[in-house]
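Subject: Handover of a structure, with notes

Dear colleague,

I am passing on the structure below, and I would be glad if you looked it over before reading the notes that follow it.

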Amino acid sequence: MDANRRQSGIQQLLAAEQEAQQIVNAARAAKSARLRQAKEEAEREIAEYRAQMEAEFQRKVAESSGDSGANVKRLELETAAKIEQLNQQAASISPEVIQMLLRHVTTVKN
């Protein structure tokens with residue numbers, strides 16, 4: 001009878017070991033499935049974030065390029081005003097400069 005009990009005990013241990021192995025295998029499969037799912041979720045979130053940042057970048061580029069046109073116009077107006085101011089200054093002192101040059105050219109020093 002002891003032999004039957006021992007045989008029965010060994011069978012129970014083998015069955016328990018197989019059951020434990022199945023539980024471990026199921027846990028590993030569940031873990032790898034969860035890792036795949038987490039990776040897919042992370043990739044989706046990254047793609048969404050990248051799209052959001054790209055849209056914001058494009059918006060800022062569009063805004064700054066619109067400002068660029070305004071800056072160009074402002075600089076053109078400032079340049080034209082400065083040129084006009086310099087022309088007026090040159091016109092106002094031109095007769096004096098001409099007289100000074102003529103005086104130095106025509107005056108002979110001994």
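Of the 110 residues in the protein, 0% are buried, where buried stands for under 20% relative accessible area, exposed for over 50% and partly exposed for what lies in between, with a 1.4 Å probe and protein chains only. Please keep in mind that this is a predicted model, in which local features need pLDDT of at least 70 and side-chain atom pairs count only at pLDDT 80 or more, while totals for chains, interfaces and linings use all residues. Residues are numbered from 1 along each chain as its sequence is written, and side-chain values use heavy atoms, with hydrogens and water left out.

**Overall form**

The protein has one helix and zero strands, helices being DSSP runs of H or I with at least four residues and strands runs of E with at least two, numbered from the N terminus. Its radius of gyration is 46 Å, well over the 13 Å that the globule rule gives for 110 residues, so the protein is more spread out than a compact globule; the radius is taken over C-alpha atoms, and the rule is 2.2 Å times the number of residues to the power 0.38. Along the principal axes, the C-alpha trace spans about 150 × 40 × 10 Å. The accessible surface comes to about 10,200 Å², and 58% of that surface belongs to carbon and sulfur atoms; such areas come from the Shrake-Rupley method with a 1.4 Å probe, and for residues only the protein chains shown count as cover.

Two pairs of positions give a sense of distance along the chain. Lys39, which is placed in helix 1 and counts as exposed at 54% relative accessibility, is 66 residues from Val105 in sequence and 89 Å from Val105 in space, C-alpha to C-alpha. Glu48 also lies in helix 1 and is exposed, with a relative accessible area of 55%; between Glu48 and Ser64 there are 24 Å in space, C-alpha to C-alpha, for a separation of 16 residues in sequence.

**The annotated region**

An unreviewed UniProt entry lists residues 28-59 as "coiled-coil region"; UniProt positions are given in the numbering used here, feature names are shortened, and annotations may be inferred rather than shown by experiment.

**Salt bridges**

Side chains of opposite charge can pair when their charged atoms come close. The structure holds three salt bridges, a salt bridge being a side-chain nitrogen of Lys or Arg within 4 Å of a carboxyl oxygen of Asp or Glu.

- Arg74 pairs with Glu78, their closest N and O atoms being 3.0 Å apart. Because Arg74 and Glu78 are four residues apart in helix 1, about one helical turn separates them. Arg74 is partly exposed with a relative accessible area of 40%, and Glu78 is partly exposed with 43%.
- Glu56 pairs with Lys60, with 3.6 Å between the closest N and O atoms. Glu56 and Lys60 are four residues apart in helix 1, and therefore about one helical turn lies between them. Glu56 counts as partly exposed at 31% relative accessibility, as does Lys60 at 46%.
- Glu41 pairs with Arg34, and here the closest N and O atoms are 4.0 Å apart. Glu41 is partly exposed at a relative accessible area of 29%, and Arg34 is partly exposed at 44%.

**A nonpolar patch**

Ile93, Val97, Met100 and Leu101 make a nonpolar surface patch of about 330 Å². Patches are made of residues with over 30% relative accessible area and no salt bridge, like charges being joined within 9 Å and nonpolar side chains (Val, Leu, Ile, Met, Phe, Trp, Tyr) within 5 Å. Ile93 has its place in helix 1, which covers residues 2-106, and counts as partly exposed at 45% relative accessibility.
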